[in-house]
Amino acid sequence: MKREKHKWKPHKCESTDAENRGGATRSSVEAFVMKVERRGSIDQLELKKTTGNRRIGLKQAKSFCISKRQVWDAYKQVMANKGAAGVDRQTIEAFEMGLENNLYKLWNRMTSGSYFPTAVMRVEIPKDDGRRRPLGIPTVTDRIAQMVVKQLIEPELEKHFHPDSYGYRPGKSAHDALGSTRKRCWKSDWVLDLDIKGFFDNIDHELMMRAVRKHVEEKWALLYIERWLKAPIEMQDGMQKFPQKGTPQGGVISPLLANLFLHYAFDEWITREFPDVSFERYADDAVCHCKNKAQAEQLKHELEVRMKEVGLELHPEKTKIVYCKDDDRRGDYPETSFTFLGYTFRPRRSKNRWGKYFINFTPAISNKAANAIRRKSRDWNWPLRSDKQLEDLALMFNPIIQGWINYYGRYYKSALYPTLQCLERRLIMWATRKYKRLRNHRRRAAQWLNRIARKQPYLFAHWRLLYAAAGR
């Protein structure tokens, strides 16, 4: 008697008929890439006891129910975010060359429980204070796997996060945090500006997994999160280090895990212990609003103890108590300014709706951010681009300049003008190298650019602000 050939039947978790399951239909590209292989190993693994001989019957061949749609959606998100290659030196473009096989292998390993992350590549980027910030770059495959878990657990975690937590959350931005800080500084006289030292490198794994288990029920998600936390880190000299704490700053899922950790380490604690203290937190940077100096000092002391309990430490230099000085609060204290999310909050001359000037405690672009913009624009080597036309320079640099204006021009926009004028001076230098009749004549080059800006104010993103301000 001949054995019948095995005929593949789609499992409820892997049906390709999305419409019958109430889901969205798949695109032709997705159907091609994530097509179903005719293998018995595609069915899900389910163990059933048989009668009598205690044997286990193999009905499925997968341990975890992860749909191919989840992997496909995660891939599209990672592709949109782009990013550098990991330790395998595989870029997103190289990954896409074997897209079908790469996505299938990842899905096959994740559903069978045989997925293990590769080492995270450690890179260091320079900071303004001369030190270097360590970043961990996972491979493209690991980023897609992390995105699968992130998209699964994020909606559930969002239900529990504090409304004054703004970092790396959907529907919330740094401008939202700055706007809330600005309003609360008008109401409260004192601010505790705090920063956690080496936060991402010092997260306790045991406490982290305890928080994850409280909200995540899927066993495969718990398994892979724990593996990511323990994944080796490949240093720049090629040596591998196995971390006992921390999560790589640069991983897809790291910001979500960091928010969950600080939700219990900071947000829930301060709400319970200091219910009358409002705050804004963006990742490991936070600002707390206090009624008086004594309360701020007490909060700082209690926070130092709390951070030690969870294995963290407040930065001794960046954590400080600040007095919100303005026309109505004229006390004399050593600290009257702080920097939060690239904005410096300090007393500034402002004009009210009736045209009267007064001193207001308000944010504007920080000196650190302004210097970073100047350094970035200097790296563009404007004078050496004499082969380009003015329109070419606009196409090259306008997206970046517009991004600076959009972010740093939200509050107290006039503080941004000196930095934008630096860009204009570089344009003048370019003009003196480009045209012989303008060589060694900066004033003439400035007048030439001024005439063009009056006719074409939208050619460069910063012209609309500079020349509009000059015409007032």
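Nine bridges join strand 12 (residues 343-351) to strand 13, and the two run antiparallel; strands here are DSSP runs of E with at least two residues, helices are runs of H or I with at least four residues, and both are numbered from the N terminus. The model is a predicted one, in which local features need pLDDT of at least 70 and side-chain atom pairs count only at pLDDT 80 or more, while totals for chains, interfaces and linings use all residues. Residues are numbered from 1 along each chain as its sequence is written, and side-chain values use heavy atoms, with hydrogens and water left out.

Within this pair of strands, Lys351 has Tyr357 in strand 13 as its bridge partner. Both strands belong to an open, antiparallel sheet of three strands in the order 11-12-13, where two strands pair if DSSP finds at least two bridges between them. Strand 11 (338-340) and strand 13 (357-365) stand at the edges with a single partner strand each, so one side of each has no neighbour in the sheet. From one strand to the next, the twist averages 50°; axes are lines fitted to C-alpha atoms, for helices over the stretch in contact, and angles run from 0 to 180 degrees between N-to-C directions.

A second open sheet has four strands in the order 8-9-5-10, again with antiparallel pairing. Its edge strands are strand 8 (278-282) and strand 10 (320-323), each of which pairs on one side only, and here the twist averages 20° from one strand to the next. Inside this sheet, strand 5 (residues 190-195) and strand 9 (residues 285-290) pair in the antiparallel sense over six bridges, and Asp193 stands opposite Val287 in strand 9.

Helices lie against these strands. Helix 6 (residues 174-187) lies across strand 5, strand 8 and strand 9, at about 155° to strand 8, where contact means heavy atoms within 4.5 Å. Helix 9 (residues 254-273) also packs on this sheet, touching strand 5, strand 8 and strand 9, and its direction makes about 170° with that of strand 8. Helix 6 lies across strand 11, strand 12 and strand 13 as well, running at about 60° to strand 12.

Helix 9 in turn packs with helix 7 (residues 205-215) at an angle of about 95°, their axes being 10 Å apart. This makes helix 7 roughly perpendicular to helix 9, a term that covers angles of 65 to 115 degrees. Among the residues that meet here are Leu207 and Met208 in helix 7 and Phe261 and Tyr264 in helix 9.

Note on methods
Angles under 35 degrees count as roughly parallel, over 145 as roughly antiparallel, 65 to 115 as roughly perpendicular and the rest as oblique.
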